[in-house]
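This report covers a single protein model.

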Amino acid sequence: MNSIERQRLREALLERCRTDPESVVDLVLDLMEKVEQLTVQNEQLSARVEQLEDQIKKNSGVRSSTSPSRSSR
């Protein structure tokens, strides 16, 4: 969002606050809930990425310590 779009949105929200404050409160609460959901999802995905990275490290360590079967021929 560029600065012009942001300013227009700001003005529209301020007008909405004057004319229908209840809808603005509902919007803020909905956005807070969505942020919370996305935060939880982000934490879960970060944990999964860490788990997969650890698995890759473990697997690459196993591969590098074993000699390839074709090299002995």
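## Terms and basis

A residue is called buried under 20% relative accessible area, exposed over 50%, and partly exposed in between, using a 1.4 Å probe and protein chains only. The model is predicted, so local features need pLDDT of at least 70 and side-chain atom pairs count only at pLDDT 80 or more, while totals for chains, interfaces and linings use all residues. Residues are numbered from 1 along each chain as its sequence is written, and side-chain values use heavy atoms, with hydrogens and water left out.

## Fold and exposure

The protein has two helices and zero strands; helices (H or I, at least four residues) and strands (E, at least two) are DSSP runs numbered from the N terminus. Helix α1 covers residues 3-19, and helix α2 covers residues 21-65.

Of the 73 residues, 3% count as buried. The protein exposes about 7,100 Å², of which carbon and sulfur atoms supply 54%; accessible areas come from the Shrake-Rupley method with a 1.4 Å probe, and for residues only the protein chains shown count as cover.

M1 lies in the segment before α1 and is exposed, with a relative accessible area of 69%. Leaving aside neighbours within four places in sequence, M1 is in contact (heavy atoms within 4.5 Å) with R6 and L9.

M1 and L9 also belong to a nonpolar surface patch, together with L13, L27 and L31. The accessible area of this patch is about 480 Å², and α1 and α2 each supply at least two of its residues. Patches are made of residues with over 30% relative accessible area and no salt bridge; like charges are joined within 9 Å, and nonpolar side chains (Val, Leu, Ile, Met, Phe, Trp, Tyr) within 5 Å.

## Charged groups

The structure holds one salt bridge, defined as a side-chain nitrogen of Lys or Arg within 4 Å of a carboxyl oxygen of Asp or Glu. It joins R18 to E15, with the closest N and O atoms 3.2 Å apart. R18 and E15 are three residues apart in helix α1, and are therefore separated by about one helical turn. R18 is exposed at 59% relative accessible area, whereas E15 is partly exposed at 39%.

A patch of negative charge on the surface gathers D20, E22, D26, D30, E33 and E36. Lys and Arg count as positive and Asp and Glu as negative, with His and the chain ends not counted; the place of a charge is NZ of Lys, CZ of Arg, CG of Asp or CD of Glu.
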